[in-house]
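Good morning, and thank you for joining.

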Amino acid sequence: PSLEGIHVYAHTMAKTAYSNPGQPTRTPRTTEYEAFARITHRLKAAAALDKSGFSSLVRALHENRELWTILAADVAGSGNGLPPQLRAQIIYLYEFAMQHTSKVLAGDAAPDVLIDINTAVMRGLRQGGPA
């Protein structure tokens with residue numbers, strides 16, 4: 001996904017949020033949390049199926065890669081306001097997630113560590129760490 005595509009998506013989400021005043025206000029943090037929660041749930045469900053759910057696992061891993069790619073592109077941008085050390089840690093986690101995903105797809109590793117990383121990120125988003 002390109003940064004332009006991300007911005008179009010964000011703009012669409014903003015318009016949608018304002019179109020229904022009965023909906024609770026969504027923040028970027030809430031949106032990120034929900035994306036991580038949805039994908040992490042899919043990873044857990046697919047991992048629980050063992051070999052019979054390999055196609056589900058492949059889809060969940062692909063979605064996880066997309067999420068981390070979007071996140072890495074965002075923190076790599078010059079307009080990102082996160083502290084440099086946190087940005088570097090997110091890039092490191094992105095690189096690790098990409099490498100570990102390849103190992104899972106090759107049958108050389110389990111997705112558990114990816115689930116743990118996503119869960120830790122969700123915990124940080126919920127606790128109100130840096131936006």
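This is a predicted model: local features need pLDDT of at least 70, side-chain atom pairs count only at pLDDT 80 or more; totals for chains, interfaces and linings use all residues.

Which residues of α3 are buried? They are Leu 57, Ala 60, Leu 61, Asn 64, Leu 67, Trp 68, Leu 71, Ala 72 and Val 75. In general, residues three or four places apart on an α-helix point the same way, because the helix has 3.6 residues a turn.

Helix α3 covers residues 54-76, which is 23 residues, and at 1.5 Å a residue it should span 33 Å.

Let me now turn to helix α4, residues 84-105, which contains His 100. Is His 100 buried or exposed? It counts as buried, because its relative accessibility is 12%, and the cut-off for buried is under 20%. Leaving aside residues up to four places away in sequence, His 100 touches Ala 109, Ala 110, Val 113 and Leu 114.

Finally, the chain as a whole. It has 5 helices and 0 strands, in the order α-α-α-α-α from the N terminus. Of its 131 residues, 26% are buried. Among contacts between residues at least 6 apart in sequence, 61% join residues at least 24 apart. The accessible surface comes to about 8,500 Å², and carbon and sulfur atoms account for 59% of that area.

Notes:
Residues are numbered from 1 along each chain as its sequence is written. Side-chain values use heavy atoms; hydrogens and water are left out. Helices (H or I, at least four residues) and strands (E, at least two) are DSSP runs, numbered from the N terminus. Buried means under 20% relative accessible area, exposed over 50%, partly exposed in between (1.4 Å probe, protein chains only). Contact means heavy atoms within 4.5 Å. Accessible areas come from the Shrake-Rupley method with a 1.4 Å probe; for residues, only the protein chains shown count as cover. The expected span of a helix is 1.5 Å times one less than its number of residues.
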